[in-house]
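Subject: Structure handover

Hello,

Here is the structure you were expecting, together with its sequence. My notes on what I found follow below it.

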Amino acid sequence: MGGTGSYRVLATLLAMVGVALTVGAYRFFFGGFPSAPELLDLGLVLVFFTGVFSFVVFGLLESQQKKLHVAYDELQRQRDILQGLWDATGVVATLPDLGGVLQQIVDLSRTLFGAEYAALAVLSDEDPSKIRQFITSGLSDEERQRIGQLPTGKGLLGKVIREKRPLRIQHILEHPDSAGFPPHHPAMDSFLGLPLLYRGTVVGHLYMTNKPGGFTPQDEMLAQLFGRQAAVVISNARLYREREMLATAQERERIGRELHDGVLQTLYGLTLSLDSLLDTEPDLSPTAQKELSRITEVLSLTMTDIRMYIQTLAQSDVDLRVALVDMLQRGGGMQDIVLEFRDNQYLELDPEVVHDIVMSVQEAVSNARRHGEASRIVVGWEALEDWYRVWIQDNGRGFDPAQVSTEHHFGLRNMRRRMEHWQARMTVESRPGSGTTVTFWFPRDDMGNTVEVKEDIQHG
Ligand SMILES: Nc1ncnc2c1ncn2[C@@H]1O[C@H](COP(=O)(O)OP(=O)(O)OP(=O)(O)O)[C@@H](O)[C@H]1O
Ligand SMILES: [Mg+2]
C-alpha cells in the first residue's frame, strides 16, 4: 500500500515537472511574447492545477487498482475453495464411511474460510430439531472430551436449524438468541452457520467460528456455494452406502438360497438314509444303533442351525435383543442370567455385528459359569453418546487378566479379534474374589449410520 501511495505522489510530481519544463521551454524559445511576468504567473497556475488534477486522477487510478487487487485476491480464494471442493469430491470416492466424508468436509471448510473452529451437525432422524452427531474441527480430543455433551440445538445452532438459512454474526455472546457456552467451551466470537441442502432436504449443518476480523458477506455467499457442494458430496456418500448395502443384501439372499437348496437338502437326504438304515437293518449292534441315532440327532440340530442362519441372512437387520435371548436360551438356559437393556432405539443392527456380539457374549457367559462359577450374570446393553456398550458382569470368583496366556486359551482372544473387526474395544475388569466384567465398546458412528441410511430409504 505504501508503494502504491508513493507512486501516486511521484506520478503527480512528474506531471508537474513536465508542465514546468514545457512552460520553461516555451519561455526559453519564445520569451518576451507575451510579457515575461505574465507567462511566469500562467506557468505557476498551470503547474499548480496540473498537480491537483494529477493527484486526483492518479488517486482514482490507484483506488481502482486496489479494488482490482482485492477482487483478484477474492477470486484466488474462490478458486482455492472450489479447488478444495473438487479435491473433496475426489477424496470422498475413496472413503469407505460417511463419518470420514463428514470429517473431511468440516476440516476443509475450516481451513478454506480461515476459521479457528468448524463443526458439522447431523440431525436426529426421529426428532429433526435435535443434533445426533456433531463432528468438529479445530478442537483436540481432550478439549472435546472436556466440553462433554453434544450441543442441544437450543441457541444459535438451533436458530440455523429452525430457520433453514445462513446466519452470520460478529459477536456470538451479544446476539439475543445466544444460549451462552457450557463450561470448558473455548471462547467463540464471530459465527457463520448454514444448512446443507440437497434438493430441498437438509442433510446437515455447517458452523464456523472465530475468523479473525469476522465473516464477510462474501464468506457467506461462498459458504453457501460450498454448502451446496458439500450437501451433494454427503448425499453421494449416503447413496454409495445404500447401493453397497443393497448389493450385500442380494449376496446374502443368494447364499441363503444356495444353503437351502443345496446343503440343507443334502443333509435332509442323509437323515432319511440313516432312518431307513435303522429300519431295514435290525441286526445292527446296540452300540451301532445308538451311534446312528446320535448322528441323526446331530444332523437335525445342524439343520436347525442352518435354517436359523438362513433366516438371519434374509433379514436386513437383526434385533440384538432377540438374537441374544435366543442364544442364551439354547446355550444353558437363562435361570442365572439378568438382562439389562437400557435402550430400545438402536437394537436393529447389521446381522454380522449381531453375530459377533452374540458369539462373544456366549463365550463370556460360558467363562463366567465354567471358571467363575458365578450364580448371577448380568448381560447389558446401553447406547451412550459416542459408544454402544455391551457388558457381561458376573459375581463369580474373578481372576487376574494379566496372568492369562493366549497360547492355550482362545476365548478372550477370539472376542478381542471379533471386536477389532468392528473397531470396537474390549475391556476385562476382574480381580480374584470380586467377580468379572467384560465390556465391549462399539463406536457409534458406523453402526448409527446403518440405521440412519435405512430410514432414509423408507422416507425416499
Ligand atoms: N468370568 C470369568 N471368571 C473367572 N475366570 C475367568 C473368567 N473369564 C475368564 N477367566 C479366566 O481366564 C482364562 C482365559 O479364558 P479364555 O476364555 O480365554 O480361555 P478358556 O476359557 O480357558 O479356554 P477356551 O475359551 O479357549 O475354551 C480362563 O481359563 C479363566 O482362568
Ligand atoms: Mg473360554
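In this predicted model, Ile169 stands opposite Phe191 of strand E4. The two residues belong to a pairing in which E3 and E4 (residues 191–198) run antiparallel, joined by 3 bridges. Helix H5 (residues 156–163) packs on the sheet there and touches E1, E3, E4 and E5, with a direction at about 30° to that of E4. Helix H6 (residues 217–280) lies across E3, E4 and E5 and runs at about 40° to E4.

The sheet itself is open and has 5 strands in the order E2-E1-E5-E4-E3, with antiparallel pairing. Its edges are E2 and E3 (167–169), each of which pairs on one side only. Ignoring direction, neighbouring strands are turned by 15° against each other on average.

Within this sheet, strand E1 (residues 117–123) is mostly covered, with 6 of its 7 residues buried. On one side E1 pairs with strand E5 (residues 201–209) in the antiparallel sense over 5 bridges, and Leu120 stands opposite Leu206 of E5. E1 is also joined to strand E2 (residues 131–137) by 6 bridges, again antiparallel; in that pairing Leu123 stands opposite Ile131 of E2. As background, strands of a sheet pair through backbone hydrogen bonds, either parallel or antiparallel.

Some loop residues around the sheet deserve a note. Most residues other than glycine have a negative phi. Lys164 is not a glycine, yet its phi is positive, about 55°. Lys164 sits in the loop between H5 and E3. Is Lys164 buried or exposed? Lys164 counts as exposed because 12 other C-beta atoms lie within 10 Å, and a residue is called exposed at 12 or fewer. His184 also has a positive phi without being a glycine, in this case about 70°. His184 is found in the loop between E3 and E4, and it is exposed because it has 11 other C-beta atoms within 10 Å.

The loop between E3 and E4 also holds His171. With 12 C-beta neighbours inside 10 Å, His171 counts as exposed. His171 and Glu420 are 249 residues apart in sequence, and their C-alpha atoms are 45 Å apart in space.

There is another open sheet of 5 strands, with the order E7-E9-E10-E12-E11 and mixed pairing. Strand E7 (337–341) and strand E11 (425–430) stand at its edges with a single partner strand each, so one side of each has no neighbour in the sheet. The twist averages 10° from one strand to the next. E7 and strand E9 (residues 377–383) pair in the parallel sense over 5 bridges, and Ile337 stands opposite Ile377 of E9.

Helix H9 lies across E9, strand E10 (387–394) and strand E12 (436–443), running at about 20° to E10. H9 (residues 351–370) also packs against helix H8 (residues 320–330) at an angle of about 35°, with the axes 10 Å apart. The crossing of H8 and H9 is right-handed. Which residues meet where H8 and H9 pack? From H8 they are Leu320, Ala323, Leu324, Met327 and Leu328; from H9 they are Val354, Ile357, Val358, Val361, Gln362 and Val365. By class, the contact has 10 nonpolar residues, 1 polar residue and no charged ones.

Last, the chain as a whole. It has 11 helices and 12 strands. A compact globule of 460 residues would have a radius of gyration near 23 Å, whereas the chain has 38 Å. Along its principal axes the C-alpha trace spans about 155 × 50 × 45 Å. Of the 460 residues, 21% count as buried. Taking contacts between residues at least 6 apart in sequence, 68% join residues at least 24 apart.

Regards

Methods: Residues are numbered from 1 along each chain as its sequence is written. Chains are lettered from A and ligands numbered from 1 in the order in which they are written. This is a predicted model: local features need pLDDT of at least 70, side-chain atom pairs count only at pLDDT 80 or more; totals for chains, interfaces and linings use all residues. Helices (H or I, at least four residues) and strands (E, at least two) are DSSP runs, numbered from the N terminus. The radius of gyration is taken over C-alpha atoms; the globule rule is 2.2 Å times the number of residues to the power 0.38. A residue is buried if 20 or more other C-beta atoms lie within 10 Å of its own, exposed if 12 or fewer, and partly exposed in between; C-beta atoms are placed from the backbone. Two residues are in contact if their C-beta atoms, placed from the backbone, lie within 7 Å. Two strands pair if DSSP finds at least two bridges between them. Axes are lines fitted to C-alpha atoms, for helices over the stretch in contact, and angles run from 0 to 180 degrees between N-to-C directions. A crossing is left-handed if the near helix is turned anticlockwise from the far one by less than a right angle, and right-handed if clockwise. Ala, Val, Leu, Ile, Met, Phe, Trp, Tyr, Cys and Pro count as nonpolar, Asp, Glu, Lys and Arg as charged, and the others, Gly among them, as polar.
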